[in-house]
Amino acid sequence: MNSKSSSSSHTLEPSNIPSHIAIIMDGNGRWAKKRLLHRVKGHEKGSETVRAIVRSCREIGIPHLTLYAFSTENWQRPKTEVAALMTLLKKFLKSEQQELTENNIRLNTIGQIERLPADVQETLSQVMSATQKNDGMQLNLALSYGGRAEIVKMVKDIAKKVNSGKIGLDVITPEFISEHLYTSQLPDPDLLIRTGGDMRVSNFLLWQIAYTEIYVTNTLWPDFEKEEFIKILIDFQQRERRFGKIR
Ligand code: IPE
Ligand code: IPE
Ligand code: MG
C-alpha cells in the first residue's frame with residue numbers, strides 16, 4: 001500500500017521517533033461481517049486493539065497519539081450502533097483509568113464533546129482530570145470530531161475577535177489558525193495511519209495533516225498488532241520528508 005516497502009533488516013531508530021501519530025481506526029464492521037458477527041462485536045474487538053496500541057506507543061516513547069474514534073458523520077449510523085459505541089466508550093474509559101494512571105498517560109479529547117451523551121461526558125471529564133498531571137504520553141481521543149466542523153468553529157471564533165475589535169486581520173497567520181483548533185496544544189502529526197485499506201482521510205485533521213506522512217494498511221483495525229505497527233514506524237523512519245524543499 002506504500003511506495004517504499006519496509007525492510008525487515010531495519011530496526012526502530014530511537015532518535016527518530018514520531019512526536020505525534022494519528023490513526024484512523026477503520027474496519028471494525030468488516031472484521032465482524034467476515035465472521036458473521038454483529039458489527040458491535042467488531043467495535044468490541046477494536047477496543048482491545050486500542051488498549052494494545054496505546055500500550056505500545058507508551059513503551060516506544062511516542063509523546064502524542066490521536067485516535068479517530070467517532071466522526072461527526074458517524075452520527076448518521078443506525079441509532080443502535082451509535083448507542084453501542086457510546087456504551088463501549090464509557091466502558092473503555094472506566095476500565096482504562098487505572099492503566100492510564102499507572103503508565104503516566106494523560107487523556108485528552110478533540111471534537112464536539114458537547115454532543116456526546118451526558119454520562120459519557122461525565123466519565124470523560126473524570127478520567128481527564130484524574131490523568132491531567134501525567135506527562136509520559138498524551139492520548140487524544142477524537143470524538144464527534146470532523147475536520148470541517150473544526151475549521152468552521154475556528155473561523156467563527158476568529159471572526160468574533162475581529163468583529164469585537166480585539167484583533168486586526170494582520171494577526172491571522174497559519175500559526176494563529178493552529179492555535180484556534182482543538183489541537184492547539186499538539187504538534188502536527190508526523191504520521192497518519194489508516195487501517196482497513198481505504199485511501200481517504202474521511203474528514204480527519206484536515207488542516208493538521210498538511211505535511212504528515214500517510215500509511216494505509218489493509219489490515220482491519222481489530223487485527224492490527226504491535227508487530228505491524230513497528231514495521232510502519234520503521235517504514236516512516238526511512239522516508240525523506242522534504243516539506244517542499246530540495247535536499
Ligand atoms: C471504524 O470501523 C469504527 C468507527 C467508525 C466508529 P467501521 O465501523 O467504520 O468499520 P467498517 O469500515 O464498516 O469495516
Ligand atoms: C472514519 O471511518 C472514522 C473513524 C474511524 C472514526 P469511517 O468508516 O466513518 O469512514 P468512511 O465512511 O469509510 O469514509
Ligand atoms: Mg469504516
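## Aromatic pairs and the parallel sheet

At 41% relative accessibility, Phe243 counts as partly exposed, and in this predicted model Tyr211 falls into that class as well, because its relative accessibility is 47%, between the 20% and 50% cut-offs.

The aromatic pairs counted in the structure come to eight. A pair of aromatic rings is described by the distance of the centres and the angle of the planes, and two of the pairs are set out below.

| Pair | Centre to centre | Angle between planes | Class |
|---|---|---|---|
| Tyr68 and Tyr145 | 5.9 Å | 80 degrees | edge-to-face |
| Tyr211 and Phe243 | 5.5 Å | 50 degrees | tilted |

Tyr68, in strand E2 (residues 64-71), and Tyr145, in strand E4, lie 77 residues apart, and their pair thus links distant parts of the chain; both Tyr68 and Tyr145 are buried. Together with Tyr182 and Phe204, Tyr68 and Tyr145 form one aromatic cluster.

The strands named here belong to an open sheet of six strands, which are ordered E3-E4-E2-E1-E5-E6 and paired in parallel. Strand E3 (105-110) and strand E6 (213-216) are the edge strands, each pairing on one side only. Within the sheet, strand E1 (residues 20-24) is joined by four bridges to strand E5 (residues 191-194), and Ala22 stands opposite Leu192 in E5. Helix H4 (residues 118-131) packs on the sheet where it touches E3 and strand E4 (137-145), its direction making about 140 degrees with that of E3, while helix H7 (residues 226-237) packs on the sheet in contact with E1, E5 and E6, its direction making about 140 degrees with that of E5.

How values were computed
Residues numbered from 1 in each chain as written. Chains lettered and ligands numbered in written order. Predicted model: local features only at pLDDT ≥ 70, side-chain atom pairs only at ≥ 80, totals over all residues. Heavy atoms only, no water. Pairing = 2+ DSSP bridges. Helix = DSSP H or I, 4+ residues; strand = E, 2+ residues; numbered from the N terminus. Contact = heavy atoms within 4.5 Å. Axes fitted to C-alpha atoms, helices over the stretch in contact; angles between N-to-C directions. Phe/Tyr/Trp six-rings, centres within 6.5 Å; stacked < 30°, edge-to-face > 60°. Buried < 20%, exposed > 50% of the residue type's maximum accessible area, 1.4 Å probe, protein only.
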